[in-house]
Amino acid sequence: MINKVVASAAEAVADISDGASLAVGGFGLCGIPVALIDALHEHGTSNLETVSNNCGVDDWGLGILLKDGRIRRTISSYVGENKEFARQYLAGELEVVLTPQGTLAEKLRAGGAGIPAFYTPAGVGTQVSEGGLPQKYDAGGSIEIASAPKEVRTFNGAEYVLEESLTPDFGLVHAWKGDRHGNLVFHATAMNFNPLCAMAGRITIAEVEELVEPGELDPEHVHVPGIFVQRVVLVPGVEKRIEKRTVAAPPAGTTSRTTSGTTPETTSGTTDQAGA
């Protein structure tokens with residue numbers, strides 16, 4: 001078997017050229033390939049097309065590429081939490097293809113499975129199927145590019161819209177563990193879109209928190225087999241941010257405590273949305 005480990009994130013993304021399309025794993029800030037995105041940013045690659053659930057936040061994840069004008073077009077299902085994203089879209093600097101979340105997931109999965117298109121009920125009777133969604137504005141605020149109508153067919157009395165699959169040039173993913181053959185294991189909700197992006201990318205690059213030797217991973221616990229992965233890079237101790245931290249008020253008669261001397265918390269009723 002081929003040893004797919006590369007020495008650094010910079011080496012892993014060195015051949016991603018201007019104009020490339022990228023499937024990028026993560027949901028919010030959970031499970032995003034931070035080290036690979038940072039390396040791509042330092043490399044100076046531009047004119048990118050990204051396929052991702054969202055486009056990061058203003059200063060983290062894909063947001064750092066967006067801020068510097070490196071992203072030309074994005075296919076996403078959620079575009080909130082990023083003021084720069086909204087500014088670029090409304091100013092006509094960014095093309096945005098809004099896609100229902102389940103449809104986006106299936107576009108990636110089907111692409112990785114070699115299925116060129118599929119029918120889904122999601123979006124039937126809306127601009128998703130009928131066309132007209134603003135994908136790009138011009139500098140004056142008029143629609144420069146609108147989505148085209150899609151084929152709709154009836155099966156067993158119900159209407160379905162035809163959606164084409166996605167096979168971007170590269171897949172960038174973050175995994176908890178990986179071995180030298182590219183087999184990957186994800187941790188909890190950090191799994192999210194990562195397996196789908198790994199399947200869909202023509203060349204998939206995985207950053208892993210822990211690198212193990214072949215045979216150490218239980219085959220029953222492998223989420224993505226190495227056949228879908230071309231490069232693996234070890235990124236121990238990668239920074240993980242919390243997108244939104246919600247702290248419950250302490251119940252009557254209790255006192256709050258402080259974690260790391262910063263955020264008051266209670267012993268119960270605290271909810272964190274963490275990037276695992």
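Entry 1: I need a cut-off before I start: buried means under 20% relative accessible area, and exposed means over 50%, with partly exposed in between. I also note that this is a predicted model.

My test case is valine 51, which sits in strand S2, residues 48-51. I looked up its relative accessible area and got 2%, so valine 51 counts as buried, being under 20%. Then I asked which residues valine 51 touches, not counting those up to four places away in sequence. The list is Leu22, Ala23, Val24, Ile75, Leu104, Leu108, Leu166 and Pro168. I also checked a pair of C-alpha atoms: valine 51 and isoleucine 145 are 94 residues apart along the chain and separated by 18 Å.

**Entry 2: confidence.** I looked up the pLDDT next. The chain averages 91, and 91% of the residues score at least 70. I marked residues 257-276, where the pLDDT is below 50. That stretch still has 45 contacts in the model beyond near neighbours in sequence.

**Entry 3: the largest core.** In soluble globular proteins, nonpolar side chains tend to be buried together. I went looking for that here. The largest nonpolar core has 36 residues, and Ile16, Leu22, Leu36, Leu40, Leu172 and Ile205 are those with the most contacts inside it. The elements giving two or more residues to this core are helix H1 (9-12), strand S1 (21-24), helix H2 (34-43), helix H3 (62-67), helix H4 (83-90) and strand S10 (170-179). Which element gives the most to it? That is H2, with six residues. I also wrote down a second, separate core of 22 residues, which includes Ala105, Leu108, Cys197 and Val229.

**Entry 4: along H2.** I went through H2 and found Val34, Ala35, Leu36, Ile37, Ala39 and Leu40 buried.

- Leucine 36 lies in helix H2. Its relative accessible area is 0%, so leucine 36 is buried. Leaving aside neighbours within four places in sequence, leucine 36 is in contact with Ala9, Ala12, Val13, Leu172, Val173, Ile205, Ala206, Glu207 and Val233.

Just after H2, glycine 44 takes a positive phi of about 90 degrees.

**Entry 5: other positive phi angles.** Most residues other than glycine have a negative phi.

- Asparagine 156 has a positive phi of about 50 degrees. Its place is in the loop between strand S8 (152-155) and S9. With a relative accessible area of 87%, asparagine 156 is exposed.
- Alanine 188 also has a positive phi of about 50 degrees. It is found in the loop between strand S11 (184-185) and helix H7 (194-200). Alanine 188 is exposed, at 54% relative accessible area.

**Entry 6: empty space.** Rolling a probe the size of a water molecule over the atoms shows where empty space is left. How big a volume does the largest pocket have? I got about 530 Å³. It is lined by 27 residues, and the closest to its centre are Arg73, Val97, Lys107, Lys150 and Glu163. S2, strand S3 (71-76), strand S4 (95-98), strand S6 (134-137) and strand S9 (158-164) each supply at least two residues of this lining. By class, the lining divides into 14 nonpolar, six polar and seven charged residues.

I looked for cavities too, and the structure holds two of 30 Å³ or more.

**Entry 7: before H1.** Last, I checked valine 5, in the segment before H1. Valine 5 is partly exposed, with a relative accessible area of 26%. It touches Arg180, Leu211 and Val232, not counting residues up to four places away in sequence. The C-alpha atoms of valine 5 and glycine 253, 248 residues apart along the chain, are separated by 54 Å.

Definitions and conventions:
Residues are numbered from 1 along each chain as its sequence is written. This is a predicted model: local features need pLDDT of at least 70, side-chain atom pairs count only at pLDDT 80 or more; totals for chains, interfaces and linings use all residues. Side-chain values use heavy atoms; hydrogens and water are left out. A nonpolar core is a set of buried Ala, Val, Leu, Ile, Met, Phe, Trp, Tyr and Cys residues joined through side-chain atoms within 4.5 Å. Buried means under 20% relative accessible area, exposed over 50%, partly exposed in between (1.4 Å probe, protein chains only). Helices (H or I, at least four residues) and strands (E, at least two) are DSSP runs, numbered from the N terminus. On a 1 Å grid over the protein atoms alone, a cavity is a set of points where a 1.4 Å probe fits but cannot get out, and a pocket is an open set with protein on both sides within 12 Å along at least five of seven lines; lining residues have an atom within 4 Å of a point. Grid points are joined across faces, edges and corners, and a volume is the space filled by probe spheres set on the points. Contact means heavy atoms within 4.5 Å. Ala, Val, Leu, Ile, Met, Phe, Trp, Tyr, Cys and Pro count as nonpolar, Asp, Glu, Lys and Arg as charged, and the others, Gly among them, as polar. pLDDT is the predictor's confidence in each residue, from 0 to 100.
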